[in-house]
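Please walk through the strand pairing and the backbone angles of the model below.

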Amino acid sequence: FDTLVSPWLSAGRTYRIDYVPGVMPHYMASKDTLVLHLLADTGNKNKHLRAREEFVTVPVRFAVKIPKGRTVKSATLLHAGRTLGTTLRDGWLEATIPQVLIHEAVEVSLT
């Protein structure tokens, strides 16, 4: 389905993520900053008496569209507190977050 509608929707897209069950994106943008929040509710959904709920870390590939005329100053994982290795391709910043455990946010600073 995505391959059929993608050509019509691509002009308005601001981000893309690979499908990972339980991961929900939330995109925010301001004048000089783009933030992509990833919420990963990938815990055990089967509630059993005396069972502990455990969460699994998942890697997530994503891309954020960089506005025309802007350049990327930095890309930071806010929860992990480290710089993210990225690739810029055709106006999209692409990267993989190695692990999302419940929440991670990518902050892209623009110049």
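Which residue of strand 9 stands opposite Ala75? The residue opposite Ala75 is Val108. This is a predicted model, in which local features need pLDDT of at least 70, side-chain atom pairs count only at pLDDT 80 or more, and totals for chains, interfaces and linings use all residues. Residues are numbered from 1 along each chain as its sequence is written, and side-chain values use heavy atoms, without hydrogens and water.

Strand 5 (residues 72-77) and strand 9 (residues 102-110) run antiparallel and are joined by five bridges. Thr76 also faces strand 9, standing opposite Glu107. Strands here are DSSP runs of E with at least two residues, numbered from the N terminus; two strands pair if DSSP finds at least two bridges between them.

Strand 5 also pairs with strand 6 (residues 82-83), in the antiparallel sense and over two bridges. Leu77 has Arg82 in strand 6 as its bridge partner. Four residues lie between the strands of this hairpin, where Gly81 takes a positive phi near 70°.

These strands belong to an open sheet of five strands with antiparallel pairing, in the order 2-3-9-5-6. Strand 2 (23-29) and strand 6 are at the edges with a single partner strand each, so one side of each has no neighbour in the sheet.

Most residues other than glycine have a negative phi. Ile102, in strand 9, has a positive phi near 75°. Ile102 is partly exposed, with a relative accessible area of 44%. Asp90 lies in the loop between strand 7 (87-89) and strand 8 (92-100), and its phi is positive, at about 55°. Asp90 counts as exposed at 74% relative accessibility. Exposed means over 50% relative accessible area, buried under 20%, and partly exposed in between (1.4 Å probe, protein chains only).
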